[in-house]
Structures are given as structure tokens and as C-alpha cells.
Amino acid sequence: MEGIAARVDEWLRTNYDEVIGWRRHIHTHPELSHMEYATTDFIEARLRERGLSPVRFPGTGLMVDLGPDTPNRLAFRADIDALPVTEVTGLPFSSDVPGVAHACGHDIHTTISLGVACALADNQDLLTHGIRIIFQPCEEVMDGGAPEVIAWGGLDGVGSIYALHVEPKLSVGKIGVRTGAITSAADVIKINVSGPGGHTSRPHLTADVVYALGKLVTDLPGLLSRRIDPRTGTVLVFGSINAGYAANAIPENGSITGTVRTASISTWRSIDVLLEELIAQVLAPTGCSHELTYQRGVPPVLNDDVATALLADAARTVDPQSVVQAPQSSGGEDFSWYLEHVPGSMARLGCGSGSGRVYDLHQGDIIFDERSIEVGIRLFASIAEQFGSSPARIGQADGFLS
């Protein structure tokens with residue numbers, strides 16, 4: 001009997017030009033986080049044309065179920081928002097929205113999941129298990145749209161979830177996999193420092209806020225590296241420092257802001273307490289007081305071992321030479337919130353042409369090789385086929401679900 005992957009492959013050969021057209025439409029009309037109304041409308045229209053019944057989330061984004069209503073559904077997630085970046089690629093389908101562009105490849109992610117949904121809609125007779133495809137809004141903002149999707153029931157009945165993220169450093173056809181942390185937590189901190197203020201000729205009669213800020217900037221990252229296991233990939237980097245207006249006046253207030261990144265979930269859950277302790281110790285000799293504002297972003301994406309093994313096996317059915325080891329990234333990704341609830345895995349999808357310049361994400365000149373869309377659709381189809389033939393659903397095997 002012909003399997004899901006073979007049927008989707010046939011569907012893709014017939015509908016490839018239409019799928020590429022979807023991608024170019026989405027790319028030309030990017031929308032920022034929480035504003036993806038036209039994108040949501042476009043996705044919904046394509047799904048309804050295939051006889052599906054998508055469910056819209058409040059505001060933007062949607063999800064759609066396919067196949068029988070079985071427990072422990074398989075889910076795929078695509079993020080649909082764009083970035084506040086000006087596109088300068090010169091492509092004929094470049095963004096027509098000033099200052100907004102799909103510079104992170106979410107148009108690729110969306111097209112892959114939309115293609116899989118439509119292909120499976122035309123072949124639902126092969127589905128022996130339920131599949132849910134989530135088109136998630138606002139991934140690019142703190143702390144992402146995933147928590148809202150979860151609150152709206154996006155994971156209800158889901159046993160395992162998968163996602164892709166384009167990687168321009170990998171050539172088309174390569175699929176990067178990794179068990180454990182594949183991204184990092186990404187948090188923002190702001191430290192306000194205050195003192196009485198005074199004249200720069202008499203620093204001994206006041207508390208020198210600028211000196212205290214300098215101590216924090218230079219000492220805090222080093223102290224943190226001596227209190228946290230370096231294998232966790234924890235790093236504190238400051239991006240701004242602000243204090244004072246006059247050369248001869250010690251200001252009363254100043255602030256520094258930065259980011260904290262870590263690949264360790266346990267470190268992520270406790271690092272704010274440690275930072276508070278270290279800040280107080282650094283500032284104690286200066287006489288300055290402080291206030292720490294710690295804004296949590298997203299936890300690291302922790303790929304499940306079993307789910308990642310299934311993903312790797314599925315990738316090898318697409319191309320036996322496709323699988324490579326993905327490096328652990330210091331970037332953040334809100335797919336991590338789903339993995340706090342159910343097992344799953346995120347892969348890196350090669351989207352580089354393999355020749356010429358290697359682009360970087362979040363840049364206005366980045367060009368994604370559209371051949372990666374075909375690879376992504378085939379990978380998701382293979383995952384669906386392997387998940388359906390597994391004697392035990394991943395959510396049950398790993399103890400996430402009863």
C-alpha cells in the first residue's frame with residue numbers, strides 16, 4: 001500500500017508551482033507580530049479550499065486538524081510573523097511593506113506547513129492518526145506567542161510536536177538535528193543604580209554611580225562565569241549603559257541593560273536570584289543602591305531524545321545523506337514552551353544555495369533558497385508516516401501523557 005510520504009511526494013510534484021506562489025505571496029506581504037491578519041486570512045482560505053475547517057485563534061493565527069480524532073495527535077508548528085527589517089534583496093517578490101520583511105524565514109516555515117496540510121487534506125484516507133498543524137502568531141516578540149496558543153487549547157490532545165527553522169549556513173538538502181538543547185533561553189535584564197549625586201571634584205563625599213555601573217559591566221559577567229557551570233553555555237552581555245549629562249557632575253541615577261542566555265533549563269529557572277546576589281556584592285563597596293528588573297523570555301528548546309530519533313530517521317528517508325549534527329544556538333525560540341508540555345523536536349532546515357555568499361538571519365539582504373520548501377514538506381510527511389506506524393506514540397513512551 002502506498003504510504004503518506006509517497007502520496008505527498010506525488011502531490012508536491014503536481015502542486016509545486018502553486019506552493020512556491022504561496023511563499024512568494026506571504027513574502028511580499030509580511031506582517032509584524034500580533035498584526036498577522038492578512039497572513040491568517042490567506043492561510044485559512046487555502047485550507048478551506050481543500051475542504052478543511054481551520055480554527056482561528058483570538059486575534060491572529062490558527063490551527064487545523066486532519067485525520068481521525070485519535071488521542072496523542074501529532075502536531076507541526078509554523079510561525080507566521082515577520083520582522084521590523086527593511087528588505088534590500090531586490091527580488092521581484094520583495095516585501096512591499098516598508099520596514100517589514102520575512103528576514104527570519106517564517107514565510108518558508110508557513111509555506112511548508114501549509115503545503116503539508118493541503119497535501120494531507122487530499123490524502124486523508126491514509127491517515128490512521130490525528131494530525132494538528134499550528135500556524136502560530138508573534139514568535140519574534142518576548143515571550144513569544146506559544147504560551148497564548150497553549151492557553152487557547154493548541155496542545156489539547158497533542159502527544160508530540162515538531163518544527164523546523166531555516167538555517168542559511170546549511171545547504172539545501174541538509175537537515176540539522178540535535179538532542180537536548182538546540183537553542184538557548186534569552187532573557188533581558190535592566191539594572192538601575194542610584195546614589196546621592198555630587199561634584200566630580202569630591203567623589204569621596206558621594207556614591208559614584210558611573211563608577212558603580214562600570215564595575216557591574218566589567219565584573220558581573222566574570223563573576224557569573226565562576227558561579228555557573230561553563231558547560232551550560234550561560235553568557236551575560238550588556239548592550240547599553242546610560243548615566244549623566246555633564247562632565248563635572250556625578251549623576252544620581254544610571255542604568256545598564258543586557259541579555260542573559262543559557263542552554264540549561266535549571267540555570268534559567270534560578271539565575272535571577274544569583275544575579276541579585278552578585279549585583280549586591282559588586283556594589284557594596286561603592287555605596288550605591290540598585291534595582292534589578294529581570295524579564296524572562298523563553299526557555300531553551302530541549303529536543304526529546306525519542307522524538308529527535310524519529311525526526312532523524314524521517315530525514316534519512318528523504319535523503320540518506322541529509323542528516324547533520326546541529327550546533328547549539330545561543331538564540332531564543334518560543335517553540336520551547338510547547339516542549340514544556342509535550343515531547344517533540346525542532347530541526348534546522350538547510351536553506352543556503354551551497355555556493356556564493358552565506359547569509360545570516362535577521363538581515364535585510366538575506367535570500368532563502370526556495371528548494372528548501374520541498375525538503376521541508378517531504379520531511380514533515382515522512383514524520384507523519386513514521387509516527388503513524390510507531391507501535392507506541394511518543395507522548396506515551398516518554399511518560400508525558402497517561
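This is a predicted model: local features need pLDDT of at least 70, side-chain atom pairs count only at pLDDT 80 or more; totals for chains, interfaces and linings use all residues.
**Stop 1**

Colour 4-180 + 300-389 as domain 1 and 185-295 as domain 2. These bounds come from an automatic or database domain assignment. Taken over C-alpha atoms, the domain centres are 39 Å apart.

Now show the interface. Nine residues of domain 1 touch 11 residues of domain 2, where contact means heavy atoms within 4.5 Å. The two domains bury about 800 Å² between them, with 64% of it on carbon and sulfur atoms. Buried area is the accessible area (1.4 Å probe) that two parts lose on being put together, summed over both.

The count between the domains is one salt bridge, meaning a side-chain nitrogen of Lys or Arg within 4 Å of a carboxyl oxygen of Asp or Glu. Select arginine 269 and glutamate 340: they form a salt bridge, and their closest N and O atoms are 2.9 Å apart.

**Stop 2: the largest pocket**

A pocket here is an open set of points on a 1 Å grid over the protein atoms alone, with protein on both sides within 12 Å along at least five of seven lines; lining residues have an atom within 4 Å of a point. Points are joined across faces, edges and corners, and a volume is the space filled by probe spheres set on them.

Select Arg261, Gly331, Gly332, Glu333 and His362. Of the 29 lining residues, these lie nearest the centre of the largest pocket. The space inside is about 680 Å³. Strands E5 (158-171), E8 (185-194) and E12 (253-262) each give two or more residues to this lining. E5 gives the most, with four. Strands (E, at least two residues) and helices (H or I, at least four) are DSSP runs, numbered from the N terminus.

Colour the lining by class: 10 nonpolar, eight polar and 11 charged residues. Ala, Val, Leu, Ile, Met, Phe, Trp, Tyr, Cys and Pro count as nonpolar, Asp, Glu, Lys and Arg as charged, and the others, Gly among them, as polar.

**Stop 3: the second largest pocket**

This one holds about 190 Å³. Select Gly352, Ser353, Gly354, Ser355 and Arg357, the closest to its centre of 16 lining residues. E5 and strand E16 (344-352) each supply at least two lining residues. E5 has the largest share, four residues. The classes here are seven nonpolar, six polar and three charged.

**Stop 4: the cavities**

A cavity is a set of points where a 1.4 Å probe fits but cannot get out. There are two of 30 Å³ or more.

For the largest cavity, select His27, Glu87, Thr89, Ala101, His102, Ala103, Gln363, Gly364 and Ile366. Three are nonpolar, five polar and one charged.

For the second largest cavity, select Arg77, Ala78, His109, Ile112, Ser113, Leu164 and Phe380. Strand E3 (73-79) and helix H3 (106-121) each give two or more of these residues. H3 gives the most, with three. The space is about 30 Å³.

Methods: Residues are numbered from 1 along each chain as its sequence is written. Side-chain values use heavy atoms; hydrogens and water are left out.
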